[in-house]
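The sequence and model come first.

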Amino acid sequence: AVVSTQSTGITHADTFTLVENQQDLLRQLPKQLISVERENYRSSLIGLVDILFSFVFDHLINCGEISVESCWNVCKISSQLSWLYTPKTLRECLVLNFSNALTFPLYRHFDFCARVLQDIKLIISGGRSQILKCLISLHTMFKKHEFYYLHNKTYITDYCLWIQSIKDKHIEKLAAALHNLPEITKADVPFPLVDFEILVEAEETLSTSEEEEDSEYETDSEVSNISEEERSSSTDPVSRKVNLPKFEATFDVKQTAEIKSEENSAEAKENLAGEKENLAEAKLATDLSVDLKGMSLNEASRKPLIEEIE
């Protein structure tokens, strides 16, 4: 079987061939015929679209691989698998799928949901073989999980058996209904998506303007600092730098003046210390002369007394 995807311009050939493990799983299914009453045909086909949407969403998100959250994603997006509810109309089914896909998974985007819907149209247009391959892949995914394997017993196994016996005209009618269905818009989703986008755009615009203002303020402050430094260096002669190419060095005039003042103060201290030493020596000499005079007077006064005693 060959399906031409007009949206991407790629032709997929032999995409409906089951691999060996899928064929083994198909042989393990119970040999029974699933009969659906005429009044339940419509709801069963809508439920099929509901399950396919959740499977294709996870398949595209994980690039065909099964992740630790694959079962959780499928069960959260599908209305039947999450709370056992079968939508009444095809449009209600897709609106619920869009709503769940924009709420629960890690990656949420409206355009991505629209891409999933386009892929579902291609899968159903491919006939029972492609639908059966998706259902068997989903059956294999649930079979490996310790809790979600119960969905195989409630829904997936019966769908795998029923899709093999369904008439082609019912699949063709379902594909035509999907192609003729009006486009799902953001207004159909029960969330104010348009208002949210307006708020996000306004917040991004505000943050961008604040960043621009901050960058302009930083630039102005840097320019003002540079101009102040240039102005101070041009007006303050003490802080100028004197280049001496002979010694390949730069001396600060202010520092040189400080060194000279320190040398002068040292010389003044030395002179003051010398003067103090001279004064101390003079004072000492004066004291010595006074003591000598006193000694001479004492000797002169003691002579008459000695004479009297004798």
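Which residues form a nonpolar patch on the surface? The patch consists of F191, F196 and L199, which together have about 300 Å² of accessible area. Patch members have over 30% relative accessible area and no salt bridge; like charges are joined within 9 Å and nonpolar side chains (Val, Leu, Ile, Met, Phe, Trp, Tyr) within 5 Å. Areas come from the Shrake-Rupley method with a 1.4 Å probe, and for residues only the protein chains shown count as cover. F196 belongs to helix α10, residues 193-235, and is partly exposed at 45% relative accessibility. Here buried means under 20% relative accessible area, exposed over 50%, and partly exposed in between.

The model is predicted: local features need pLDDT of at least 70, side-chain atom pairs count only at pLDDT 80 or more, and totals for chains, interfaces and linings use all residues. Residues are numbered from 1 along each chain as its sequence is written, and side-chain values use heavy atoms, with hydrogens and water left out.

The count of salt bridges is five, taking a side-chain nitrogen of Lys or Arg within 4 Å of a carboxyl oxygen of Asp or Glu. The table lists some of them.

| Salt bridge | N to O distance |
|---|---|
| D24 and R27 | 2.6 Å |
| D188 and R91 | 2.6 Å |
| K186 and E197 | 2.5 Å |

D24 and R27 are three residues apart in helix α1 (residues 20-28), and are therefore separated by about one helical turn. D24 is partly exposed at 32%, while R27 is exposed at 53%. Helices are DSSP runs (H or I, at least four residues), numbered from the N terminus.

D188 forms its salt bridge with R91; this pair links distant parts of the chain, 97 residues apart, with D188 in the loop between α9 and α10 and R91 in helix α5 (residues 90-101). D188 has a relative accessible area of 28% and R91 one of 27%.

K186 pairs with E197.

A pocket is an open set of points on a 1 Å grid where a 1.4 Å probe fits, with protein on both sides within 12 Å along at least five of seven lines; lining residues have an atom within 4 Å of a point. The lining has 13 residues, and Y41, R42, L45, H170 and K173 lie nearest the centre. Helix α9 gives the largest share, five residues.

How values were computed. Helix = DSSP H or I, 4+ residues; strand = E, 2+ residues; numbered from the N terminus. Buried < 20%, exposed > 50% of the residue type's maximum accessible area, 1.4 Å probe, protein only.
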